[in-house]
Structures are given as structure tokens and as C-alpha cells.
Amino acid sequence: MWRVGLLHPARMMLPEVRVGTTPKQLTTVYNIDRMAARRAVADGPSTEGYPPLSAAPPGTTQFEAAITGLDPDTKYYYGIYDAGKLLTPDDGTCCFATLP
């Protein structure tokens with residue numbers, strides 16, 4: 001999950017989450033078709049089946065991606081992208097580990 005503020009009105013974010021077991025090989029891609037976009041009620045509808053944001057400034061969108069198919073007891077790295085441009089640090093600090 002991550003939030004973005006108001007972007008240029010003529011441009012929508014094209015989000016992707018890329019995940020992998022090494023920081024330089026993020027091979028599994030979750031694009032907008034595989035995530036939810038939640039917005040404040042005043043900003044328009046959220047993805048069908050998801051509630052709107054209850055406490056967020058106008059123009060905020062919260063993206064949520066369910067990462068599936070992970071192996072147990074494994075460290076994973078991820079990157080958040082917008083239209084192919086990396087938004088998160090490219091230094092291996094964006095990571096998480098699954099339980100055994």
C-alpha cells in the first residue's frame with residue numbers, strides 16, 4: 001500500500017509493484033489491473049468493492065496490491081514504479097520477509 005498526492009490533472013498514475021528475491025531482479029510485476037485504487041469520496045469512485053478513504057486530503061489516491069505466491073522464510077525486494085519510472089530507492093532497502 002502507498003499513497004500519492006494530486007498529480008497533474010491531465011495525467012493519471014500508471015502504478016506497478018515489482019517484486020523479486022534480489023534487488024536488481026524484480027521479476028514479478030503487479031500492475032494497476034492487479035491492485036485497488038482507493039480515493040476520498042469527493043475525488044470519485046474507488047476500485048469496485050473497496051471502500052473510499054475516510055481520512056485523506058483531497059487528491060490523494062491509495063494503491064493496494066496483494067502480493068501472492070510467495071515462498072515461506074524468504075526475503076523479497078520490491079520497487080514501486082509509475083509508467084516504468086522507479087519511485088522507491090534502488091539500494092535494496094525496500095524489502096520484506098515471509099514467515100517460515
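This is a predicted model: local features need pLDDT of at least 70, side-chain atom pairs count only at pLDDT 80 or more; totals for chains, interfaces and linings use all residues.
**The whole chain.** The C-alpha atoms of the protein chain fill a box of roughly 40 × 25 × 20 Å along the principal axes. Colouring by secondary structure shows 8 strands and 0 helices. Of the 100 residues in the chain, 33% count as buried. A surface display presents an accessible area of about 6500 Å², with 57% of that area belonging to carbon and sulfur atoms.

**The sheet.** Next, select β1, β5 and β4, which form an open sheet of 3 strands in the order β1-β5-β4, with antiparallel pairing. β1 (2-4) and β4 (35-39) each have a single partner strand and stand at the edges, so one side of each is left without a neighbour in the sheet. On average, neighbouring strands of this sheet are turned by 25° against each other, direction ignored.

**The core.** Then display the side chains of Trp2, Val4, Met13, Val17, Val19, Tyr30, Met35, Ala37, Phe63, Tyr76 and Ile80; these 11 residues make up the largest nonpolar core. Two or more residues come from each of β1, β2 (15-20), β4 and β6 (75-82). In soluble globular proteins, nonpolar side chains tend to be buried together.

**A single residue.** Finally, centre on Ala37, a member of that core. Leaving aside residues up to four places away in sequence, Ala37 touches Ser46, Thr47, Thr61, Gln62 and Phe63.

Terms used:
Residues are numbered from 1 along each chain as its sequence is written. Side-chain values use heavy atoms; hydrogens and water are left out. Two strands pair if DSSP finds at least two bridges between them. Helices (H or I, at least four residues) and strands (E, at least two) are DSSP runs, numbered from the N terminus. Axes are lines fitted to C-alpha atoms, for helices over the stretch in contact, and angles run from 0 to 180 degrees between N-to-C directions. A nonpolar core is a set of buried Ala, Val, Leu, Ile, Met, Phe, Trp, Tyr and Cys residues joined through side-chain atoms within 4.5 Å. Buried means under 20% relative accessible area, exposed over 50%, partly exposed in between (1.4 Å probe, protein chains only). Contact means heavy atoms within 4.5 Å. Accessible areas come from the Shrake-Rupley method with a 1.4 Å probe; for residues, only the protein chains shown count as cover.
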